[in-house]
Amino acid sequence: MDRYNDFSLGEFVWDKSFRSWVLNPTREDDETWQNWLVAHPEKREMVARARQLVLAIRPSNSPLPNPEKRMAVERIVERLETRNLENTETVHLPWYAGRAVRIAAMLVLFAGLGWLFWLRHQPKALDYDQLVAATNVEMREIANTTAQPLTISLEDGSRITLDPGSKMSYPAHFNGTKRGGRREVFLSGKAFFDIAKDPSKPFFVYANELVTKVLGTSFTVRSFADEREVSVAVKTGKVAVFSREDPDATEKQSSRELTGVVIEPNQQVVFIRKTVKIIKSLVPEPEVVENTGTAPHFEFDDAPVSAVFNALQNAYGIDIIYDKNIMDECPITATLTEMSLYEKLDLICKAVGASYKSIDGRIVVEGKGCKNN
Amino acid sequence: MKALTRSDLYFEEEQKLWREMLAGDVTAYEHLINRTYDLLFHYGTKFNSDRELIKDCIQDVFLGVWEKRDALNHEIPPKPYLLASLRRRLHRLASRLRMDCMDYYNESDIVFDLEFSAEYQLIESENDRLLASRMTEMLNELPKRQKEAVFLRFYNDMEREEIAMVMDIQPQSVSNLLQEAFKFIKSHWKTIISVVLALPF
């Protein structure tokens, strides 16, 4: 234990034995450590701090509730017992070669093909009423006929704020839909969605031509029947957007990952109806992304330009692309608090003789650097 | 000086369950599943977000172990063995899906993807909370394979050989991954500490 006598905080935090005492203590370990602490009272505070850090910083886990685990374990044991009952003489095929699995796979395949066929040959049901009519689940509709935004809470904890003149349809129960694996709503007009996180049940918003798929995040969808564009803008998290007309839309929907055009905070997607084009850009007024860390501060004193761009990048969650080698020669002294993102960029670019463009939802800065000045 | 090693007790107990299970003891089998299920599930979620799919894969792993029990080595450490089987199954499944859906599944879909986060209410001092948030950021910046090695070593108390078994690479490669991760952690730790200390509180 003597090697611990001169340990620093960091060394404790990353010491394997220390960690295993904190994370999986056994009586033996605990005794050894307690004795050591009695002999080294000056180390107590540091050990307590290291302990807190080890306990606090962990991989984020999606929790597995006990009942769910119990059921899964029971299922395995049950399976085992039924297998034991079947005569053990049979040759054991790999699981996917079993007859039941093969039949099930065929059925799934046929169902899938049938569905695909059905989708392809559907009349193009792209406006809200047709979309809603095409579902075979019992739907509820809420229309906001007032002059104020209207907030609705869904049973999964998601909150949706409907703008005046907008309406939304959603199933009475999300579990009622096939496979239970999806939460699907239909929108006409504009609404802000704050979706409760549930990776196993992706949330879909169908708004005319656009399908938005999220796992848990907040964003705005704007889709008025009489407007030329449909748009989706993200506030927090990530969403995937694709066109209903996309020949691969079914795969994109059922994929476990977010595929399609993926947009992040402060980015938006606009679907131009006439040309059937999806365009990704920044929202008109990017906002600071709420963050778990420290509040962003934008005061710089003789800081390299990369530090400034980094701060902006973190605060707004927007990629800023620039040539670090050239630009880092330019020091910045500025107070940029209380300015919009574009005002900040204007000021910085002016200071270092550069210019910026917003391309594909990112900011690209070009300049010659400051070597000559 | 006694080197503190991992709780041999736990280890022994698992090995015992494993041996009894291989001998055909269903109760031991169930105990073993109960003990390792959380770990397997959490490890699985790092590769795939579909809970049901992971549960199915874990089930297949355990049923497979039972079927092959006559052929399995009694001395294999059960946890790494089970993790490795689960990992292989998930990979196989992902590559099959990738074939079916062409390019919708690409390489990145079967990669270990882990986020670290900090529970700030466990930390008393404001200073250490800041430290924790910086550490978390730093850990999240680790390349994915290094992250996986760090996860297995520091959060699941595994030895080099066991990690090699789970990740299906040479023990030397595990050492390299861990060394690189450590170099990264150490170099950042210095700046983190100096930044945190320099802040006025």
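Student: Which strands form the open sheet in chain A, and in what order?

Tutor: Strands of a sheet pair through backbone hydrogen bonds, either parallel or antiparallel. Here the model is a predicted one, where local features need pLDDT of at least 70, side-chain atom pairs count only at pLDDT 80 or more, and totals for chains, interfaces and linings use all residues. Residues are numbered from 1 along each chain as its sequence is written, with chains lettered from A in the order in which they are written. The open sheet has three strands in the order β16-β19-β18 (chain A), with mixed pairing. Strands are DSSP runs of E, at least two residues, and helices are runs of H or I, at least four, numbered from the N terminus; two strands pair if DSSP finds at least two bridges between them.

Student: Why is one side of β16 and of β18 of chain A left without a neighbour in the sheet?

Tutor: β16 (320-321) and β18 (354-359) of chain A stand at the edges and each has a single partner strand, so one side of each has no neighbour in the sheet. β16(A) runs parallel to β19 (residues 362-367) of chain A over two bridges, and I321(A) has V364(A) as its bridge partner in β19(A).

Student: And what joins β1 of chain A to β1(B)?

Tutor: Three bridges join β1 (residues 57-59) of chain A to β1(B), and the two run antiparallel. P59(A) is opposite F116(B) in β1(B).

Student: How many residues does each chain give to the contact?

Tutor: Chain B gives 50 residues and chain A gives 44 residues, where contact means C-beta atoms, placed from the backbone, within 7 Å.

Key
Contact = placed C-beta atoms within 7 Å.
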